[in-house]
Amino acid sequence: MESAFELSLEQEFNLRSFEQQVDQLSEDQKNDYLLQTLKQLMIKNNVIKHLLTHRDPLFFASES
């Protein structure tokens with residue numbers, strides 16, 4: 001069973017493929033991409049926090 005804190009084999013493959021693509025970028029392109037990625041991760045965290053704090057208790061009660 002996969003751990004939620006580890007990458008699947010498919011994710012590992014995609015990461016290696018992405019690494020090869022990034023190697024071909026200039027330093028400025030890498031920096032821009034890094035900042036864009038960090039911004040997307042921050043937005044993702046905000047969405048998750050929002051969903052957790054504004055969840056519908058009736059929705060989760062029906063799963064029990």
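**Figure 1. Order of the elements along the protein chain.** From the N terminus on, the elements of the protein chain run α-α-α, and the chain has three helices and zero strands. Helices (H or I, at least four residues) and strands (E, at least two) are DSSP runs that are numbered from the N terminus. The model is predicted, and local features need a pLDDT of at least 70, side-chain atom pairs count only at pLDDT 80 or more, and totals for chains, interfaces and linings use all residues. Residues are numbered from 1 along each chain as its sequence is written, while side-chain values use heavy atoms, with hydrogens and water left out.

**Figure 2. Surface and burial of the protein chain.** Of the 64 residues in the protein chain, 2% are buried, where buried means under 20% relative accessible area, exposed means over 50%, and partly exposed lies in between (1.4 Å probe, protein chains only). The protein chain exposes about 6,500 Å², and carbon and sulfur atoms supply 58% of this area. Accessible areas come from the Shrake-Rupley method with a 1.4 Å probe, and for residues only the protein chains shown count as cover.

Figure 3. A pair of aromatic rings is described by the distance of the centres and the angle of the planes. Rings of Phe, Tyr and Trp (its six-membered ring) pair if their centres lie within 6.5 Å, and planes under 30 degrees apart count as stacked, over 60 as edge-to-face and the rest as tilted. By this rule the count comes to one aromatic pair. The ring centres of Phe18 and Tyr33 are 5.4 Å apart and the ring planes stand at 40°, so the pair is tilted. The pair links distant parts of the chain, since Phe18 lies in helix H1 (residues 9-23) and Tyr33 in helix H2 (residues 27-53), 15 residues apart. Phe18 counts as partly exposed at 33% relative accessibility, and Tyr33 counts as partly exposed at 36%.

**Figure 4. A nonpolar patch on the surface.** Leu7, Leu15, Phe18 and Tyr33 form a nonpolar patch on the surface, and together they have about 340 Å² of accessible area. Patches are made of residues with over 30% relative accessible area and no salt bridge, in which like charges are joined within 9 Å and nonpolar side chains (Val, Leu, Ile, Met, Phe, Trp, Tyr) within 5 Å.

Figure 5. The structure holds three salt bridges, a salt bridge being a side-chain nitrogen of Lys or Arg within 4 Å of a carboxyl oxygen of Asp or Glu. Glu12, Arg16 and Glu19 are linked in a network of salt bridges. Between Glu12 and Arg16 the closest N and O atoms are 3.5 Å apart, and these two residues of helix H1 lie four residues apart, about one turn of the helix. Between Glu19 and Arg16 the closest N and O atoms are 3.8 Å apart, and these residues, also both in helix H1, lie three residues apart, again about one turn. Glu12 is partly exposed at 29%, Arg16 is partly exposed at 44%, and Glu19 is partly exposed at 42% relative accessibility.

**Figure 6. The salt bridge of Glu27 and Lys30.** The side chains of Glu27 and Lys30 meet in a salt bridge with an N to O distance of 3.8 Å. Because Glu27 and Lys30 are three residues apart in helix H2, about one helical turn separates them. Glu27 counts as exposed at 54% relative accessibility, whereas Lys30 counts as partly exposed at 24%.
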